[in-house]
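Subject: Structure handover and notes

Dear colleague,

I am passing on the structure we spoke of, together with some notes on what turned up in it. Please look it over alongside the text below.

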Amino acid sequence: MATCVRCGRELPGFSFGEAGNLCPSCKQMTQSFQPQIPSPSSASVPAARPTVDQFPVTAALLGINVLVFVAMVLQKPASLFHPDDLQLLKWGADYGPLSLGTQPWRILTSNYIHLEAAHIAFNMWALWQLGRVAERIFGRWVYFVIYTATGISGSLLSLLHNPMGLSAGASGAIFGIVGALIAALYLGKLPFPKRVRDSLLKNLVWVAIINLGLGASIPGIDNAGHIGGLVMGLGLGAIIGPHLMEEPTRRAFFNRLVLIAAAFFLVGFWYFVKQKRGYVADIQKARQAMTVGHTDDVIRNLQSAVARDPDNLDALHMLGLAYMSKNDYPHAQNALERFSQIERNNVGVKYILGLTYAEQHKYEDARRVYSELTEQQPNNTGAWTMLGASLDGLNRDEDAVAAYNKALSLNPGNTEAYRELGLAQAKLSRFQEAAVTLQKAAELEPKDGEIQKDLADVYTVMGNSAAAAEATRRAQELSKPPSPKPTTK
(Lines give C-alpha, C1' and ligand atoms only; values in the text may rest on other atoms or scores of the structure.)
Protein backbone atom coordinates (compact mmCIF):
# COMPACT_ATOMS: atom_id res chain seq x y z
CA MET A 1 0.00 0.00 0.00
CA ALA A 2 1.38 3.41 -0.99
CA THR A 3 2.01 5.95 1.78
CA CYS A 4 2.21 9.77 1.95
CA VAL A 5 5.75 10.97 1.33
CA ARG A 6 5.38 13.65 4.02
CA CYS A 7 3.45 12.13 6.94
CA GLY A 8 3.58 8.39 6.17
CA ARG A 9 -0.19 7.78 6.16
CA GLU A 10 -1.74 5.28 3.80
CA LEU A 11 -2.85 6.79 0.53
CA PRO A 12 -6.25 6.08 -0.96
CA GLY A 13 -6.26 3.89 -4.03
CA PHE A 14 -5.71 5.22 -7.57
CA SER A 15 -3.39 8.14 -6.54
CA PHE A 16 -1.20 9.24 -9.43
CA GLY A 17 1.30 12.03 -10.14
CA GLU A 18 3.30 14.21 -7.78
CA ALA A 19 0.16 15.32 -5.96
CA GLY A 20 -0.84 11.69 -5.67
CA ASN A 21 2.09 11.10 -3.34
CA LEU A 22 0.38 13.23 -0.66
CA CYS A 23 -2.55 12.38 1.57
CA PRO A 24 -5.58 14.74 1.54
CA SER A 25 -4.43 16.48 4.76
CA CYS A 26 -0.96 17.20 3.39
CA LYS A 27 -2.46 18.41 0.12
CA GLN A 28 -4.52 20.92 2.07
CA MET A 29 -1.49 22.05 4.08
CA THR A 30 0.55 22.31 0.91
CA GLN A 31 -1.95 24.66 -0.60
CA SER A 32 -2.05 26.84 2.53
CA PHE A 33 1.76 26.96 2.75
CA GLN A 34 2.40 27.33 -0.96
CA PRO A 35 4.93 30.16 -1.43
CA GLN A 36 4.14 32.74 -4.08
CA ILE A 37 6.83 32.48 -6.75
CA PRO A 38 6.33 34.95 -9.60
CA SER A 39 6.24 33.60 -13.13
CA PRO A 40 7.39 35.46 -16.27
CA SER A 41 3.80 36.05 -17.33
CA SER A 42 2.95 37.68 -14.05
CA ALA A 43 6.16 39.62 -13.60
CA SER A 44 4.40 42.90 -14.24
CA VAL A 45 1.67 42.17 -11.68
CA PRO A 46 2.64 43.44 -8.23
CA ALA A 47 2.52 40.81 -5.48
CA ALA A 48 -0.11 41.31 -2.82
CA ARG A 49 1.39 42.69 0.36
CA PRO A 50 0.66 40.90 3.65
CA THR A 51 -2.06 42.60 5.68
CA VAL A 52 -2.77 42.88 9.37
CA ASP A 53 -5.87 40.72 8.93
CA GLN A 54 -3.71 37.85 7.71
CA PHE A 55 -1.48 37.95 10.81
CA PRO A 56 -3.61 39.19 13.71
CA VAL A 57 -1.44 37.80 16.52
CA THR A 58 1.76 39.31 15.16
CA ALA A 59 -0.04 42.62 14.61
CA ALA A 60 -1.48 42.55 18.15
CA LEU A 61 1.89 41.80 19.75
CA LEU A 62 3.55 44.52 17.75
CA GLY A 63 0.76 46.95 18.63
CA ILE A 64 1.01 46.26 22.37
CA ASN A 65 4.76 46.83 22.36
CA VAL A 66 4.41 50.09 20.45
CA LEU A 67 1.53 51.37 22.58
CA VAL A 68 3.45 50.74 25.80
CA PHE A 69 6.47 52.57 24.44
CA VAL A 70 4.35 55.50 23.24
CA ALA A 71 2.72 55.73 26.68
CA MET A 72 6.18 55.79 28.32
CA VAL A 73 7.32 58.57 26.00
CA LEU A 74 4.15 60.60 26.57
CA GLN A 75 4.66 60.35 30.30
CA LYS A 76 8.32 61.30 30.05
CA PRO A 77 9.52 62.49 26.61
CA ALA A 78 13.17 61.97 27.53
CA SER A 79 12.55 58.21 27.54
CA LEU A 80 12.43 58.32 23.73
CA PHE A 81 16.22 58.15 23.79
CA HIS A 82 17.31 58.11 27.44
CA PRO A 83 14.92 56.30 29.81
CA ASP A 84 15.87 56.14 33.47
CA ASP A 85 15.82 53.05 35.64
CA LEU A 86 12.96 54.27 37.81
CA GLN A 87 10.67 54.70 34.82
CA LEU A 88 11.56 51.26 33.47
CA LEU A 89 10.81 49.75 36.88
CA LYS A 90 7.53 51.61 37.06
CA TRP A 91 6.39 50.17 33.73
CA GLY A 92 7.38 46.58 34.57
CA ALA A 93 11.03 45.92 33.72
CA ASP A 94 12.64 42.75 35.06
CA TYR A 95 14.65 43.28 38.26
CA GLY A 96 15.65 40.46 40.58
CA PRO A 97 14.86 42.03 43.97
CA LEU A 98 11.29 42.67 42.74
CA SER A 99 10.73 39.88 40.21
CA LEU A 100 11.90 37.23 42.67
CA GLY A 101 10.03 38.86 45.52
CA THR A 102 6.48 40.16 45.51
CA GLN A 103 6.27 41.12 41.80
CA PRO A 104 6.87 37.97 39.71
CA TRP A 105 4.62 39.35 36.95
CA ARG A 106 7.64 41.35 35.78
CA ILE A 107 9.05 38.27 34.03
CA LEU A 108 6.13 38.68 31.60
CA THR A 109 5.65 42.45 31.42
CA SER A 110 9.35 43.09 30.81
CA ASN A 111 8.91 41.52 27.37
CA TYR A 112 6.74 44.48 26.36
CA ILE A 113 9.03 47.23 27.70
CA HIS A 114 11.77 48.81 25.57
CA LEU A 115 14.69 51.02 26.50
CA GLU A 116 14.62 53.58 23.69
CA ALA A 117 13.55 54.24 20.11
CA ALA A 118 16.26 52.24 18.33
CA HIS A 119 15.67 49.28 20.65
CA ILE A 120 11.96 48.99 19.88
CA ALA A 121 12.42 49.80 16.18
CA PHE A 122 14.81 46.89 15.65
CA ASN A 123 12.79 44.46 17.75
CA MET A 124 9.49 45.32 16.07
CA TRP A 125 11.01 44.97 12.60
CA ALA A 126 12.31 41.52 13.57
CA LEU A 127 8.96 40.58 15.12
CA TRP A 128 7.05 41.56 11.97
CA GLN A 129 9.42 39.65 9.70
CA LEU A 130 9.67 36.48 11.79
CA GLY A 131 6.30 36.53 13.47
CA ARG A 132 4.36 36.27 10.21
CA VAL A 133 6.27 33.13 9.25
CA ALA A 134 5.77 31.61 12.70
CA GLU A 135 2.06 32.50 12.76
CA ARG A 136 1.58 30.83 9.39
CA ILE A 137 3.49 27.67 10.34
CA PHE A 138 2.36 27.11 13.95
CA GLY A 139 -1.08 28.64 13.90
CA ARG A 140 -2.23 31.62 15.90
CA TRP A 141 -2.61 30.43 19.47
CA VAL A 142 0.40 28.07 19.36
CA TYR A 143 2.50 30.92 18.01
CA PHE A 144 1.27 33.17 20.82
CA VAL A 145 2.16 30.49 23.40
CA ILE A 146 5.65 30.17 21.89
CA TYR A 147 6.14 33.95 22.02
CA THR A 148 5.00 34.17 25.64
CA ALA A 149 6.74 31.06 26.95
CA THR A 150 10.08 31.87 25.33
CA GLY A 151 9.89 35.47 26.56
CA ILE A 152 9.34 34.23 30.13
CA SER A 153 12.16 31.69 29.75
CA GLY A 154 14.49 34.48 28.64
CA SER A 155 13.51 36.59 31.63
CA LEU A 156 14.15 33.70 34.03
CA LEU A 157 17.59 32.88 32.60
CA SER A 158 18.44 36.58 32.77
CA LEU A 159 17.52 36.58 36.48
CA LEU A 160 19.59 33.44 37.05
CA HIS A 161 22.61 34.97 35.33
CA ASN A 162 22.40 38.50 36.73
CA PRO A 163 19.64 38.97 39.33
CA MET A 164 20.68 42.56 40.06
CA GLY A 165 20.48 43.65 36.44
CA LEU A 166 17.61 45.66 34.99
CA SER A 167 16.28 43.95 31.87
CA ALA A 168 13.55 44.76 29.34
CA GLY A 169 12.70 44.08 25.71
CA ALA A 170 11.06 41.58 23.38
CA SER A 171 14.40 40.13 22.26
CA GLY A 172 14.05 36.94 24.31
CA ALA A 173 10.68 36.17 22.73
CA ILE A 174 11.99 37.00 19.25
CA PHE A 175 14.93 34.67 19.75
CA GLY A 176 12.36 32.12 20.89
CA ILE A 177 10.53 32.48 17.58
CA VAL A 178 13.84 31.98 15.76
CA GLY A 179 14.55 28.83 17.77
CA ALA A 180 11.08 27.39 17.23
CA LEU A 181 11.27 28.03 13.47
CA ILE A 182 14.73 26.44 13.21
CA ALA A 183 13.56 23.28 14.98
CA ALA A 184 10.27 23.08 13.11
CA LEU A 185 11.88 23.56 9.70
CA TYR A 186 14.57 20.99 10.45
CA LEU A 187 12.36 18.33 12.05
CA GLY A 188 8.93 18.98 10.57
CA LYS A 189 7.78 17.67 7.19
CA LEU A 190 6.52 21.05 6.08
CA PRO A 191 5.23 21.50 2.52
CA PHE A 192 7.95 23.89 1.42
CA PRO A 193 10.17 23.17 -1.57
CA LYS A 194 13.49 21.89 -0.24
CA ARG A 195 15.32 24.85 -1.73
CA VAL A 196 13.06 27.32 0.09
CA ARG A 197 13.20 25.37 3.35
CA ASP A 198 16.99 25.08 3.34
CA SER A 199 17.45 28.75 2.50
CA LEU A 200 15.11 29.87 5.26
CA LEU A 201 16.70 27.49 7.77
CA LYS A 202 20.20 28.71 6.88
CA ASN A 203 19.15 32.35 7.26
CA LEU A 204 17.56 31.72 10.65
CA VAL A 205 20.65 29.93 11.96
CA TRP A 206 22.85 32.82 10.84
CA VAL A 207 20.45 35.33 12.44
CA ALA A 208 20.79 33.51 15.76
CA ILE A 209 24.59 33.18 15.55
CA ILE A 210 25.24 36.77 14.50
CA ASN A 211 22.93 38.31 17.08
CA LEU A 212 24.26 36.14 19.91
CA GLY A 213 27.75 37.18 18.87
CA LEU A 214 26.77 40.83 18.95
CA GLY A 215 25.14 40.35 22.33
CA ALA A 216 28.32 38.82 23.72
CA SER A 217 30.55 41.60 22.38
CA ILE A 218 28.48 44.70 23.14
CA PRO A 219 28.23 45.79 26.80
CA GLY A 220 24.76 46.30 28.20
CA ILE A 221 23.01 43.63 26.10
CA ASP A 222 21.25 40.92 28.10
CA ASN A 223 22.51 37.92 26.15
CA ALA A 224 21.28 35.52 28.84
CA GLY A 225 17.75 36.59 27.98
CA HIS A 226 18.45 35.88 24.30
CA ILE A 227 19.84 32.43 25.06
CA GLY A 228 16.95 31.58 27.38
CA GLY A 229 14.42 32.45 24.70
CA LEU A 230 16.35 30.67 21.94
CA VAL A 231 16.77 27.41 23.87
CA MET A 232 13.12 27.36 24.95
CA GLY A 233 12.10 28.04 21.36
CA LEU A 234 14.28 25.21 20.06
CA GLY A 235 12.72 22.87 22.59
CA LEU A 236 9.15 23.82 21.77
CA GLY A 237 9.83 23.73 18.04
CA ALA A 238 11.45 20.29 18.33
CA ILE A 239 8.36 18.94 20.10
CA ILE A 240 5.73 20.66 17.97
CA GLY A 241 7.47 20.52 14.57
CA PRO A 242 7.16 16.79 13.80
CA HIS A 243 3.39 16.93 14.42
CA LEU A 244 2.53 20.01 12.37
CA MET A 245 1.31 17.97 9.40
CA GLU A 246 -0.96 15.65 11.35
CA GLU A 247 -4.72 15.92 10.96
CA PRO A 248 -6.18 18.94 12.80
CA THR A 249 -7.90 17.18 15.72
CA ARG A 250 -4.83 15.16 16.61
CA ARG A 251 -2.58 18.16 16.16
CA ALA A 252 -4.77 20.34 18.42
CA PHE A 253 -4.76 17.69 21.14
CA PHE A 254 -0.99 17.40 21.00
CA ASN A 255 -0.57 21.19 21.06
CA ARG A 256 -2.61 21.38 24.28
CA LEU A 257 -0.34 18.79 25.86
CA VAL A 258 2.69 20.85 24.83
CA LEU A 259 1.11 23.94 26.37
CA ILE A 260 0.59 22.15 29.68
CA ALA A 261 4.15 20.77 29.61
CA ALA A 262 5.56 24.23 28.87
CA ALA A 263 3.60 25.71 31.77
CA PHE A 264 4.93 23.06 34.17
CA PHE A 265 8.47 23.60 32.90
CA LEU A 266 8.29 27.38 33.39
CA VAL A 267 6.84 27.02 36.88
CA GLY A 268 9.64 24.60 37.76
CA PHE A 269 12.24 26.91 36.22
CA TRP A 270 10.78 29.81 38.20
CA TYR A 271 11.11 27.94 41.50
CA PHE A 272 14.65 26.88 40.60
CA VAL A 273 15.68 30.49 39.87
CA LYS A 274 13.92 31.70 43.02
CA GLN A 275 15.78 29.12 45.09
CA LYS A 276 19.14 30.07 43.55
CA ARG A 277 18.74 33.85 43.33
CA GLY A 278 15.87 34.65 45.71
CA TYR A 279 18.34 36.10 48.19
CA VAL A 280 18.27 39.37 46.25
CA ALA A 281 14.62 39.82 47.29
CA ASP A 282 15.61 39.22 50.93
CA ILE A 283 18.31 41.87 50.65
CA GLN A 284 15.81 44.30 49.16
CA LYS A 285 13.42 43.68 52.07
CA ALA A 286 16.29 44.22 54.49
CA ARG A 287 17.13 47.58 52.91
CA GLN A 288 13.51 48.66 53.17
CA ALA A 289 13.39 47.60 56.83
CA MET A 290 16.64 49.45 57.49
CA THR A 291 15.20 52.74 56.21
CA VAL A 292 12.45 52.61 58.85
CA GLY A 293 14.71 51.34 61.65
CA HIS A 294 13.27 47.83 61.98
CA THR A 295 16.57 46.16 62.85
CA ASP A 296 15.06 42.79 63.77
CA ASP A 297 13.43 42.57 60.33
CA VAL A 298 16.74 43.58 58.75
CA ILE A 299 18.53 40.75 60.54
CA ARG A 300 15.84 38.17 59.76
CA ASN A 301 15.86 38.90 56.02
CA LEU A 302 19.63 39.03 55.83
CA GLN A 303 19.92 35.72 57.66
CA SER A 304 17.66 34.23 55.00
CA ALA A 305 19.80 35.77 52.25
CA VAL A 306 23.03 34.45 53.73
CA ALA A 307 21.49 30.99 54.19
CA ARG A 308 20.81 30.93 50.43
CA ASP A 309 24.06 32.57 49.38
CA PRO A 310 26.71 32.30 52.13
CA ASP A 311 29.25 34.29 50.10
CA ASN A 312 27.07 37.33 49.33
CA LEU A 313 29.19 40.30 50.38
CA ASP A 314 26.34 42.82 50.49
CA ALA A 315 24.29 40.61 52.80
CA LEU A 316 27.25 39.84 55.09
CA HIS A 317 28.24 43.51 55.34
CA MET A 318 24.73 44.69 56.12
CA LEU A 319 24.20 41.84 58.57
CA GLY A 320 27.38 42.75 60.45
CA LEU A 321 26.29 46.39 60.71
CA ALA A 322 22.80 45.38 61.86
CA TYR A 323 24.26 43.25 64.65
CA MET A 324 26.60 46.08 65.61
CA SER A 325 23.63 48.44 65.97
CA LYS A 326 22.16 46.01 68.53
CA ASN A 327 25.52 45.63 70.30
CA ASP A 328 25.48 41.96 69.36
CA TYR A 329 29.22 41.81 68.82
CA PRO A 330 29.70 38.01 68.58
CA HIS A 331 27.23 37.69 65.69
CA ALA A 332 28.61 40.83 64.05
CA GLN A 333 32.08 39.31 64.31
CA ASN A 334 30.92 36.09 62.58
CA ALA A 335 29.36 37.96 59.66
CA LEU A 336 32.32 40.30 59.16
CA GLU A 337 34.89 37.52 59.51
CA ARG A 338 33.12 35.65 56.72
CA PHE A 339 33.20 38.81 54.59
CA SER A 340 36.94 39.25 55.24
CA GLN A 341 37.66 35.67 54.27
CA ILE A 342 36.12 36.33 50.86
CA GLU A 343 37.45 39.87 50.31
CA ARG A 344 40.59 40.35 52.36
CA ASN A 345 41.44 43.92 51.38
CA ASN A 346 38.23 45.74 52.31
CA VAL A 347 39.47 48.41 54.74
CA GLY A 348 36.06 49.47 56.01
CA VAL A 349 34.97 45.97 56.94
CA LYS A 350 38.32 45.25 58.59
CA TYR A 351 37.95 48.37 60.71
CA ILE A 352 34.50 47.37 61.94
CA LEU A 353 35.66 43.79 62.53
CA GLY A 354 38.40 45.17 64.77
CA LEU A 355 35.74 47.04 66.74
CA THR A 356 33.83 43.81 67.37
CA TYR A 357 37.01 42.29 68.81
CA ALA A 358 37.74 45.32 70.97
CA GLU A 359 34.18 45.44 72.35
CA GLN A 360 34.54 41.80 73.39
CA HIS A 361 37.97 42.52 74.95
CA LYS A 362 39.67 40.34 72.35
CA TYR A 363 42.50 42.81 72.23
CA GLU A 364 45.06 40.60 70.53
CA ASP A 365 42.67 39.94 67.63
CA ALA A 366 41.93 43.66 67.46
CA ARG A 367 45.65 44.48 67.48
CA ARG A 368 46.27 42.04 64.64
CA VAL A 369 43.52 43.59 62.51
CA TYR A 370 44.59 47.20 63.10
CA SER A 371 48.26 46.34 62.58
CA GLU A 372 47.34 44.97 59.16
CA LEU A 373 45.33 48.11 58.44
CA THR A 374 48.19 50.45 59.35
CA GLU A 375 50.46 48.48 57.03
CA GLN A 376 47.83 48.54 54.27
CA GLN A 377 47.06 52.26 54.79
CA PRO A 378 49.90 53.95 56.73
CA ASN A 379 48.06 57.30 56.76
CA ASN A 380 44.82 55.97 58.23
CA THR A 381 44.55 57.93 61.47
CA GLY A 382 41.54 55.91 62.66
CA ALA A 383 43.45 52.65 62.31
CA TRP A 384 46.39 54.05 64.33
CA THR A 385 43.98 55.24 67.03
CA MET A 386 42.34 51.83 67.31
CA LEU A 387 45.74 50.12 67.24
CA GLY A 388 46.65 52.24 70.25
CA ALA A 389 43.43 51.24 72.02
CA SER A 390 44.14 47.56 71.31
CA LEU A 391 47.68 47.86 72.66
CA ASP A 392 46.29 49.70 75.67
CA GLY A 393 43.96 46.76 76.32
CA LEU A 394 46.99 44.45 76.23
CA ASN A 395 48.74 46.73 78.80
CA ARG A 396 51.40 47.61 76.25
CA ASP A 397 51.17 51.23 77.31
CA GLU A 398 54.36 52.56 75.71
CA ASP A 399 53.40 51.03 72.37
CA ALA A 400 49.91 52.47 72.77
CA VAL A 401 51.36 55.97 73.35
CA ALA A 402 53.45 55.63 70.21
CA ALA A 403 50.40 54.59 68.16
CA TYR A 404 48.34 57.52 69.48
CA ASN A 405 51.14 59.96 68.70
CA LYS A 406 51.31 58.57 65.16
CA ALA A 407 47.54 59.12 64.78
CA LEU A 408 47.90 62.72 65.99
CA SER A 409 50.78 63.40 63.64
CA LEU A 410 48.46 62.42 60.79
CA ASN A 411 45.46 64.34 62.14
CA PRO A 412 46.10 66.92 64.89
CA GLY A 413 42.36 67.42 65.24
CA ASN A 414 41.68 63.83 66.33
CA THR A 415 39.91 64.37 69.66
CA GLU A 416 39.58 60.66 70.42
CA ALA A 417 43.32 60.12 69.94
CA TYR A 418 44.11 62.99 72.34
CA ARG A 419 41.79 61.58 74.98
CA GLU A 420 43.12 58.02 74.68
CA LEU A 421 46.70 59.31 74.69
CA GLY A 422 46.01 61.26 77.88
CA LEU A 423 44.61 58.19 79.60
CA ALA A 424 47.57 56.08 78.47
CA GLN A 425 49.98 58.69 79.83
CA ALA A 426 48.10 58.66 83.13
CA LYS A 427 48.51 54.87 83.30
CA LEU A 428 52.26 55.43 82.95
CA SER A 429 52.06 58.00 85.80
CA ARG A 430 52.92 60.85 83.42
CA PHE A 431 50.21 62.98 84.98
CA GLN A 432 51.53 66.35 83.86
CA GLU A 433 51.64 65.18 80.24
CA ALA A 434 48.24 63.55 80.68
CA ALA A 435 46.70 66.81 81.96
CA VAL A 436 48.09 68.77 79.01
CA THR A 437 46.88 66.16 76.51
CA LEU A 438 43.41 65.93 78.02
CA GLN A 439 43.14 69.72 78.11
CA LYS A 440 43.86 69.71 74.37
CA ALA A 441 41.08 67.16 73.88
CA ALA A 442 38.71 69.38 75.90
CA GLU A 443 39.57 72.37 73.71
CA LEU A 444 38.74 70.37 70.60
CA GLU A 445 35.50 69.05 72.11
CA PRO A 446 34.38 71.54 74.78
CA LYS A 447 30.97 69.93 75.25
CA ASP A 448 32.24 66.44 76.03
CA GLY A 449 31.59 65.81 79.74
CA GLU A 450 33.54 62.56 79.76
CA ILE A 451 36.78 64.37 78.91
CA GLN A 452 36.13 66.75 81.84
CA LYS A 453 35.70 63.76 84.15
CA ASP A 454 39.03 62.34 82.97
CA LEU A 455 40.67 65.71 83.60
CA ALA A 456 39.18 65.84 87.10
CA ASP A 457 40.62 62.40 87.89
CA VAL A 458 44.09 63.38 86.70
CA TYR A 459 44.05 66.69 88.61
CA THR A 460 42.93 64.85 91.73
CA VAL A 461 45.88 62.44 91.53
CA MET A 462 48.18 65.40 90.96
CA GLY A 463 46.79 67.10 94.09
CA ASN A 464 45.44 70.08 92.16
CA SER A 465 42.10 70.25 93.98
CA ALA A 466 41.02 73.59 92.47
CA ALA A 467 41.49 72.38 88.88
CA ALA A 468 39.84 69.07 89.80
CA ALA A 469 36.81 70.88 91.26
CA GLU A 470 36.48 73.09 88.17
CA ALA A 471 36.67 70.11 85.84
CA THR A 472 34.08 68.27 87.95
CA ARG A 473 31.73 71.27 87.89
CA ARG A 474 32.10 71.54 84.15
CA ALA A 475 31.41 67.80 83.70
CA GLN A 476 28.25 68.11 85.81
CA GLU A 477 27.01 71.05 83.77
CA LEU A 478 27.55 69.20 80.55
CA SER A 479 25.75 66.12 81.88
CA LYS A 480 22.59 68.06 82.79
CA PRO A 481 19.70 67.71 80.34
CA PRO A 482 18.91 70.97 78.54
CA SER A 483 16.14 73.06 80.05
CA PRO A 484 12.90 73.02 78.04
CA LYS A 485 12.20 76.14 76.07
CA PRO A 486 9.17 78.11 77.25
CA THR A 487 6.18 78.00 74.95
CA THR A 488 3.25 80.35 74.53
CA LYS A 489 -0.38 79.38 74.28
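This is a predicted model: local features need pLDDT of at least 70, side-chain atom pairs count only at pLDDT 80 or more; totals for chains, interfaces and linings use all residues.

The protein has 23 helices and two strands, and of its 489 residues 45% count as buried. When contacts between residues at least 6 apart in sequence are considered, 60% of them join residues at least 24 apart.

The largest nonpolar core holds 113 residues, and within this core Phe-138 and Leu-156 are the members that touch the most others. Helix H8, which spans residues 171–187, gives the most to this core, contributing ten residues. If its neighbours within four places in sequence are left aside, Phe-138 is in contact with Tyr-143, Ile-146, Ala-180, Leu-181, Ala-184, Ile-240 and Leu-244. There is also a second, separate core of six residues, among them Met-72, Leu-88, Ala-93 and Ala-168.

As for the helix pair, the axes of H12 (residues 279–291) and H14 (residues 313–325) come within 11 Å and cross at roughly 30°; because angles under 35 degrees count as roughly parallel, H12 is roughly parallel to H14. The crossing in which H12 passes H14 is left-handed. On the H12 side the contact is made by Ile-283, Ala-286, Arg-287 and Met-290, while H14 supplies Asp-314, Ala-315 and Met-318.

With kind regards

How values were computed:
Residues are numbered from 1 along each chain as its sequence is written. Side-chain values use heavy atoms; hydrogens and water are left out. Axes are lines fitted to C-alpha atoms, for helices over the stretch in contact, and angles run from 0 to 180 degrees between N-to-C directions. Helices (H or I, at least four residues) and strands (E, at least two) are DSSP runs, numbered from the N terminus. Angles under 35 degrees count as roughly parallel, over 145 as roughly antiparallel, 65 to 115 as roughly perpendicular and the rest as oblique. A crossing is left-handed if the near helix is turned anticlockwise from the far one by less than a right angle, and right-handed if clockwise. Contact means heavy atoms within 4.5 Å. A nonpolar core is a set of buried Ala, Val, Leu, Ile, Met, Phe, Trp, Tyr and Cys residues joined through side-chain atoms within 4.5 Å. Buried means under 20% relative accessible area, exposed over 50%, partly exposed in between (1.4 Å probe, protein chains only).
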